[in-house]
Amino acid sequence: MNRGRRNLKQAASEQDFTLEECQSIAQVVSLRGSNQIEIMDAKGENSLALFPAKFRESMWIRRGSFVVIDHTGKEKAQESGSKVTSIVCKVLFFEQVRLLQKSPEWPEIFKDTKPIPADESSHIPIPQQEDDGEVDSSDDDDGMPPLEANTNRLRPFGVKCDAETDSGSDSDS
């Protein structure tokens, strides 16, 4: 493991840090692909941020997670017409978010949001056993636990999947 990646993981695991004057806390709204994410800052404004390549294979983010962004060139980027206005400096983990929520540095707009613990997001439910000790065999999944929903995808509002269609009743008459 090279030195840079080791230092990155060590810096990410530290609990105590302070925000500099050009840094702020933001919440991830959506993942735009490759290295761009849409964030909501402390003022409630949505903008695009750059997720640097140094975080790529070592840090994972998803919708609802919190990051520290550097917005030093925000005004210059907006004047030039660029959509990317900030850069992600640090990814905040569950324990860090809990500590920051108690501090005065935490933005008021994020006071009511709850951080998503890493162990709950990766939890796979196990089917309940009946009184005689056998697993419910009504499913044909060979004892596999059910798949969990992908939280990074938005569900379209108008799409419905119906088992019965009207075309079957038209052919009968």
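Trainee: Contact means heavy atoms within 4.5 Å. Among contacts in the protein chain between residues at least 6 apart in sequence, what share joins residues at least 24 apart?

Mentor: That share is 59%. This is a predicted model, in which local features need pLDDT of at least 70, side-chain atom pairs count only at pLDDT 80 or more, and totals for chains, interfaces and linings use all residues. Residues are numbered from 1 along each chain as its sequence is written, and side-chain values use heavy atoms, with hydrogens and water left out.

Trainee: How many helices and strands does the protein chain have?

Mentor: There are five helices and five strands (DSSP runs numbered from the N terminus: helices are H or I, at least four residues; strands are E, at least two). Along the sequence the pattern reads α-β-β-β-β-α-β-α-α-α.

Trainee: What do the five strands close into?

Mentor: A barrel, in the order β1-β2-β3-β5-β4, with mixed pairing (two strands pair if DSSP finds at least two bridges between them). On average, neighbouring strands of this sheet are turned by 55° against each other, direction ignored (axes are lines fitted to C-alpha atoms, for helices over the stretch in contact, and angles run from 0 to 180 degrees between N-to-C directions).

Trainee: How do β1 and β4 run, parallel or antiparallel?

Mentor: Antiparallel, with five bridges joining β1 (residues 23-33) to β4 (residues 66-70). Ile 25 stands opposite Val 68 in β4. Helix α3 (residues 94-101) packs on the sheet, where α3 touches β1, β4 and β5 (84-92). The direction of α3 makes about 100° with that of β5.

Trainee: New topic. How many residues are in the largest nonpolar core?

Mentor: It has 14 (a nonpolar core is a set of buried Ala, Val, Leu, Ile, Met, Phe, Trp, Tyr and Cys residues joined through side-chain atoms within 4.5 Å; buried means under 20% relative accessible area, exposed over 50%, partly exposed in between, with a 1.4 Å probe and protein chains only). Ile 37, Phe 51 and Val 88 are among those with the most contacts inside it. β1, β2 (36-40), β4 and β5 each supply at least two residues.

Trainee: What else is there besides that core?

Mentor: A second, separate core of ten residues, including Ile 25, Val 97, Leu 100 and Trp 106.
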